[in-house]
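Colleague: I want to know what stands behind the labels in this model. Take me through them.

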Amino acid sequence: MVSIAENLERVREQITQAAAKAGRAVNEIELVAITKTHPAEKVREAVEAGHTVFGESRVQEARAKIPELPSNLRWHFVGHLQKNKIRHALPLFELFHGVDSLALAQEMNRIAAEDGERPRLLLEVNVAGEGSKFGFSAETLRAEIGSLLALSRLSIEGLMCIPPLAEEAEASRKFFVQLRELRNSLEKEFAVKLPQLSMGMTQDYWIAVEEGATLVRVGTAIFGERPKRQKD
Ligand SMILES: *Cc1c(COP(=O)(O)O)cnc(C)c1O
C-alpha cells in the first residue's frame, strides 16, 4: 500500500507542475488535507510527513479529533456549517470555506461579537446552479455582498466552489474559470479584495491550480477512500 507520506509527495508534485504550467508561484497555493471520516492516527501520519493544514466538514467530528492531535496544526472548516454549531466551531477553525448564505454569515457575526472571535471566511458559490448544493448564486451574491461586507466581525477573503461530480477533471475547468471571473468582477464592482479562491478536490485539483486556486481541498488522494456515510 502506498503511504500517506508518498501520497502527499505526489499531490504536492502535481500542484508544483500545474503551478509551473500556469506560470504561478507554488507558494501561492495552500494544500488543505481533508481528514473527514479518517481517524487521528492517519492524520498523524500526514503530520509526520510535514503537513500542518487540515480540513474537516463536520463540527462534531472535528471537536473529537482536533484535541487528539498536536496543537500547532491549522484547521479549516470546509462543510456546510449549521447555525447551532457556530459557537463550537469558531475557536476551532482558522478559515471557514463554505459560508453559503447571508443568514449564516449574520449569525456567525453575532456569535463572533459575543465570543470575541474574528472569523475569516470564504463565500460558497453554487457555480452550476445545482438544486442539491449549498451556496450563493452569482446574482444573490451581487445582491447581498454589501450586507455581507457590512458584518464587522467577519473577514471575507474570497470564494469557494464545489463543481458537479464528473468523470473527467477537465469538466471542472469552466466552473473554476467562472468562479475566478465572478471574483474579479466583484472586486471591481464593490472595490473589495477577495484574494482567496478555494477550488479543486481529488478529482480536479491540478486543473483548479491552473485556473487560479489559492486553496485546494484534497482528501482521497492523500488518505485513500473514505468509509461510506450518508452525506457530508
Ligand atoms: C470531502 C471534501 C473534499 C475532499 O474531497 P476528495 O474528493 O476526497 O478530495 C473537499 N472539499 C469539500 C467541501 C469536502 O467536503
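Modeller: Start with Lys-65, which sits in helix α3 (residues 59-65). Helices here are DSSP runs of H or I with at least four residues, numbered from the N terminus. The model is predicted: local features need pLDDT of at least 70, side-chain atom pairs count only at pLDDT 80 or more, and totals for chains, interfaces and linings use all residues. Residues are numbered from 1 along each chain as its sequence is written, and side-chain values use heavy atoms, with hydrogens and water left out.

Colleague: Why does Lys-65 count as buried?

Modeller: Buried means under 20% relative accessible area, exposed over 50%, partly exposed in between, with a 1.4 Å probe and protein chains only. Lys-65 has 6% relative accessibility, so it counts as buried.

Colleague: What makes a polar contact between the side chains of Lys-65 and Glu-61?

Modeller: The distance is 2.8 Å. A polar contact is a pair of N or O atoms within 3.5 Å; within protein, one must be able to donate a hydrogen and the other to accept it, and residues adjacent in sequence count only if both atoms are side-chain atoms.

Colleague: Which residues is Lys-65 in contact with, leaving aside neighbours within four places in sequence?

Modeller: Thr-35, Lys-36, Thr-37, His-38, Ala-40, Val-43 and Glu-56. Contact means heavy atoms within 4.5 Å.

Colleague: Why is Pro-163 counted as buried?

Modeller: Its relative accessibility is 4%, so Pro-163 falls in the buried class. Pro-163 lies in the loop between β6 (155-160) and α7 (173-190). Beyond four places in sequence, its contacts include Phe-175, Phe-176 and Asp-204.

Colleague: How do you know that the span of helix α5 agrees with its 14 residues?

Modeller: The expected span is 1.5 Å times one less than the number of residues. For α5 (residues 102-115) that gives 20 Å, and the end C-alpha atoms are 20 Å apart, so the two agree. Among the buried residues of α5 are Leu-104, Met-108 and Ile-111. Their cover includes β4 (95-99) and α6 (138-149). Gly-116 follows α5, with a positive phi near 70 degrees.

Colleague: Which polar side-chain atoms lie 2.5 Å and 2.7 Å from an oxygen atom of the ligand?

Modeller: One of Thr-202, at 2.5 Å, and one of Arg-226, at 2.7 Å. The protein covers 92% of the 380 Å² of accessible area that the ligand has on its own. Such areas come from the Shrake-Rupley method with a 1.4 Å probe.

Definitions and conventions. Helix = DSSP H or I, 4+ residues; strand = E, 2+ residues; numbered from the N terminus.
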